[in-house]
Amino acid sequence: MSDVDITLRPWRREDLDLIKRLNAPEMTEHLGGPEPDTKLKQRLERYVSAASGNTRMFVIEVSGIAAGSVGYWPREWQGQPQFETGWGVFPEYQGKGVATTAIRLLMDEARRNGINAPIHAFPEIHNVASNALCRKAGFRLLGTEIVEYPPGNPITVNDWVVDNPKTYSPNR
Ligand SMILES: CC(C)(COP(=O)(O)OP(=O)(O)OC[C@H]1O[C@@H](n2cnc3c(N)ncnc32)[C@H](O)[C@@H]1OP(=O)(O)O)[C@@H](O)C(=O)NCCC(=O)NCCS
């Protein structure tokens, strides 16, 4: 699959079926499991509203077909205003470099959006695919942390960072 086939587009109100696919048990194994439908509708609304400002959420498309989701949002971390990123690629598109390219496109977008602060990813330590993705996509490993996800559920994660999208290079 060529990089040029992979694009990002904003979420739309009609994308409820896509958000349901992201909510499948195999997609949420390291994210606290599937959410109930009412929460999914609220999540979709948040994603659709995130078309401007410092929160941006995108559908990843491969040749115009939805293949997953990627985005970033502000998060205070260790007393500093920073950002967090998250992602999911549907099983039939996994292992083909889709997420790696989507992250490069996301960092390009963050740079255009004037984001000038660290962007962290916090994959659970046993999430082999997501940790491999961070390494492949050029994030720097800072160490392990305990975070609550979902709220009230402490999990051990790796803290990976892109120090600044302005200087991001996927090949570092
Ligand atoms: C994590 C995820 C987005 C990766 O997407 P992807 O498009 O398959 O990733 P890529 O093809 O770009 O692969 C990136 C790197 O990760 C590695 N990788 C991907 N899946 C892997 C797996 N299951 N086991 C080991 N390595 C894996 C790839 O081999 C590649 O590294 P390499 O080129 O050095 O071999 C996808 O597995 C997913 O959606 N998982 C479920 C949701 C999830 O866990 N989200 C993240 C929560 S933090």
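Where in the chain does Gln78 lie? Gln78 lies in the loop between S3 and S4, and the points below take up that loop along with the rest of the chain.

1. Basis. This is a predicted model, in which local features need pLDDT of at least 70, side-chain atom pairs count only at pLDDT 80 or more, and totals for chains, interfaces and linings use all residues. Residues are numbered from 1 along each chain as its sequence is written.

2. Secondary structure. The chain has four helices and seven strands. Both kinds of element are DSSP runs numbered from the N terminus, helices being H or I with at least four residues and strands E with at least two. Read from the N terminus, the order is β-α-α-β-β-β-α-β-α-β-β.

3. Overall dimensions. A compact globule of 172 residues would have a radius of gyration near 16 Å, and the chain agrees with 15 Å. That radius is taken over C-alpha atoms, and the globule rule is 2.2 Å times the number of residues to the power 0.38. Along the principal axes, the C-alpha atoms fill a box of roughly 40 × 35 × 30 Å.

4. Buried residues are 27% of the 172 in the chain. A residue is buried if 20 or more other C-beta atoms lie within 10 Å of its own, exposed if 12 or fewer, and partly exposed in between, with C-beta atoms placed from the backbone. Two residues are in contact if their C-beta atoms, placed from the backbone, lie within 7 Å. Of the contacts with a separation of 6 or more, 60% are between residues 24 or more positions apart.

5. Nonpolar core. The largest nonpolar core has 35 residues, of which Ile60, Val98 and Ala102 touch the most other members. Helix H2 (37–49), strand S2 (56–62), strand S3 (65–77), S4, H3, strand S5 (119–121), H4 and strand S7 (154–162) each supply at least two residues of this core. The highest number comes from H3, which gives seven. Such a core is a set of buried Ala, Val, Leu, Ile, Met, Phe, Trp, Tyr and Cys residues joined through C-beta atoms within 7 Å. In soluble globular proteins, nonpolar side chains tend to be buried together.

6. Helix H3. The 15 residues of H3 should span 21 Å at 1.5 Å a residue, and the end C-alpha atoms are 21 Å apart, in agreement. The expected span is 1.5 Å times one less than the number of residues. The buried residues of H3 are Val98, Ala99, Thr101, Ala102, Ile103, Leu106, Met107 and Ala110. Just after H3, Gly114 takes a positive phi of about 80°.

7. Not counting residues up to four places away in sequence, Val98 touches Ile6, Ile60, Val62, Ala67, Gly68, Val89 and Tyr93. Ala102, in helix H3, counts as buried because 27 other C-beta atoms lie within 10 Å. With neighbours within four places left aside, Ala102 is in contact with Ile6, Leu8, Ile60, Val70 and Trp87. Ala102 and Thr7 are 95 residues apart in sequence, yet 7.2 Å apart in space, C-alpha to C-alpha.

8. Ligand shell. There are 22 residues around the ligand, and Gln94, Ala99, Thr100, Ala129 and Ala132 come nearest. Strand S4 (80–89), helix H3 (98–112) and helix H4 (128–136) are the elements that give two or more residues to this shell. H4 gives the most, with six residues. A residue is near a molecule if its C-beta atom, placed from the backbone, lies within 6 Å of it. By class, the shell has 11 nonpolar, nine polar and two charged residues. Here Ala, Val, Leu, Ile, Met, Phe, Trp, Tyr, Cys and Pro count as nonpolar, Asp, Glu, Lys and Arg as charged, and the others, Gly among them, as polar.

9. Backbone points to check. Gln78 is not a glycine but has a positive phi of about 50°; Gln78 is exposed, since 9 other C-beta atoms lie within 10 Å. Ser63, in the loop between S2 and S3, also is not a glycine and has a positive phi of about 50°. Ser63 counts as exposed, with 11 C-beta neighbours inside 10 Å. A cis peptide bond joins Tyr149 and Pro150, with omega about -15°. Pro150 is in the loop between strand S6 (140–148) and S7.
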